[in-house]
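I opened the model to look up a few items and kept notes as I went. The entries follow the order in which I checked them.

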Amino acid sequence: MKTAARTTGRAAERRWTAEMEDLSLHILDVVENATAAGATLIEIRIHEDSRKDRMVITIKDNGQGMDGEMVTKVKDPFCTTRTTRRVGMGIPLLEQSAREAGGSIEITSEPNVGTEVVASFCASHIDRKPLGDIAATMVALILGNPDVDFIYQRSIDGVTTDLDTREIKEQLDGVSITAPPVLNLIQDLLSATPEGEDLNGSDQTASS
Amino acid sequence: MAKLRIEDLKRIKEGVKGTVNLREGNFRVKITVHMGTCGIAAGARPVMSTLLKEIESRHVTDVILTSSGCAGLCSHEPMLTIEVQGQAPIKYIRLDPEKTSKIFEEHVMQGNPVAEYALSLGSETTH
Ligand SMILES: Nc1ncnc2c1ncn2[C@@H]1O[C@H](COP(=O)(O)OP(=O)(O)OP(=O)(O)O)[C@@H](O)[C@H]1O
Ligand SMILES: [Mg+2]
């Protein structure tokens, strides 16, 4: 009886579920878990390796973490600590996107220390979602959480784009990181794809 | 390695210096974008980008933007809550960039809530 009721509930509650269109939206979503967990520093790394045909996204936070039992349950949509809705979809959706692209997710966490979510994908897989607008994701995160610090690194075959909001805040010396010209600068830097042959040109992007 | 240039940050700092620091609580309007999974999948990020563009193009300095999690009204996403100081918060539902711009113009700038996009006009608590 209980199982039947639960199944009905599942169908009803899942009706709203939409797919994440691209990986940058998954990243926004998983990072929002970290800010909800009280993280003050969040690392976001997106590494692509064409030789290995892998893409790996790592999101690491220093939030409240989860105990072992929670970590094993978290891929189940019925696992949530939120009180406004009975299902948690963020992690299950990410896992689904990874699986569809020949990959998987791995979660490690420690109470009072933090959480690391690693999603890996077969880069060339036909069902691998594109990264999408990662610059918009980072700007939305910084704008919505100005007191949280973010370390961002994107690398394609070893060529990287880096951002550390702690360094930016230090340079800004009291001026808010949410000032539109600052966010535009960040947007420009992150919209450019890191490219191997363009090591010098990449500085130009940041200055526009 | 591509990185932000310190000169650019310095230039911005000089340009922005002197404008109000909104983090001290002296803002006129607070806008909260709901960034739970449901909101993000439904288009909360373009709503956030639109708000940033409006703030920038209108040179608004007394509006603070923030994000929050799921408000439990997933089928109404994307949503935002607008709180004008001294007034009851209003939630707007099923937004897109166009509706967001209209709400910014009419509610945030002119002080007239846009009833047709609002969840309900009344004293509601924010989540
Ligand atoms: N980084 C994290 N730190 C601590 N707890 C986490 C973290 N990520 C997820 N959790 C826990 O796992 C639960 C499930 O996360 P998930 O993203 O799948 O759903 P949700 O955030 O509850 O809801 P939704 O994402 O659908 O809005 C969360 O409610 C939270 O308790
Ligand atoms: Mg979530």
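Which element of chain A gives the most to the lining of the largest pocket? I looked it up in what is a predicted model, and helix 2 of chain A comes out ahead with 7 residues.

**Entry: the pocket**

I noted a volume of about 890 Å³ for the largest pocket. I then listed its lining, which has 36 residues, and the closest to the centre are E32(A), N33(A), A36(A), T80(A) and T81(A). I checked which elements supply at least two lining residues each, and found helix 2 (23-36), strand 2 (54-61), helix 4 (90-100) and strand 4 (114-122), which belong to chain A. I sorted the lining of this pocket by class and got 16 nonpolar, 15 polar and 5 charged residues.

**Entry: the interface**

I turned next to the contact between the two chains. Chain A puts 52 residues into the contact and chain B puts in 37. The size of an interface is often given as the accessible area lost when the parts come together, so I looked that up too. Between chain B and chain A, about 3700 Å² is buried, and carbon and sulfur atoms give 65% of that area.

How many salt bridges does the rule find across the interface of chain B and chain A? I found 1 there. In a salt bridge, the side chain of E167(A) meets that of K3(B), at 3.3 Å from N to O. I also noted 9 residue pairs in polar contact between chain B and chain A, with both residues at pLDDT 80 or more.

I then took the side of chain B that touches chain A. Helix 1 (6-16), helix 2 (37-42), helix 3 (44-57) and strand 2 (63-68) of chain B supply at least two residues each to that side. Helix 1 of chain B has the largest share, with 8 residues. By class, I recorded 18 nonpolar, 9 polar and 10 charged residues on this side of chain B.

**Entry: salt bridges overall**

I picked out one within chain A, where the side chains of K169(A) and D149(A) meet at 2.9 Å, N to O. Why does this pair tie together parts that are 20 residues apart in sequence? K169(A) lies in helix 6 (residues 165-172) of chain A and D149(A) lies in strand 5 (residues 149-156) of chain A, so the pair links those two parts.

Methods:
Residues numbered from 1 in each chain as written. Chains lettered and ligands numbered in written order. Predicted model: local features only at pLDDT ≥ 70, side-chain atom pairs only at ≥ 80, totals over all residues. Heavy atoms only, no water. 1 Å grid on protein atoms, 1.4 Å probe; cavity = no way out; pocket = protein on both sides within 12 Å on 5 of 7 lines; lining within 4 Å. Points joined across faces, edges and corners; volume = space filled by probe spheres on them. Helix = DSSP H or I, 4+ residues; strand = E, 2+ residues; numbered from the N terminus. Nonpolar A, V, L, I, M, F, W, Y, C, P; charged D, E, K, R; others polar. Contact = heavy atoms within 4.5 Å. Buried area = accessible area lost by both parts, 1.4 Å probe. Salt bridge = Lys/Arg side-chain N within 4 Å of Asp/Glu carboxyl O. Polar contact = N/O pair within 3.5 Å; in protein donor to acceptor, adjacent residues only side chain to side chain.
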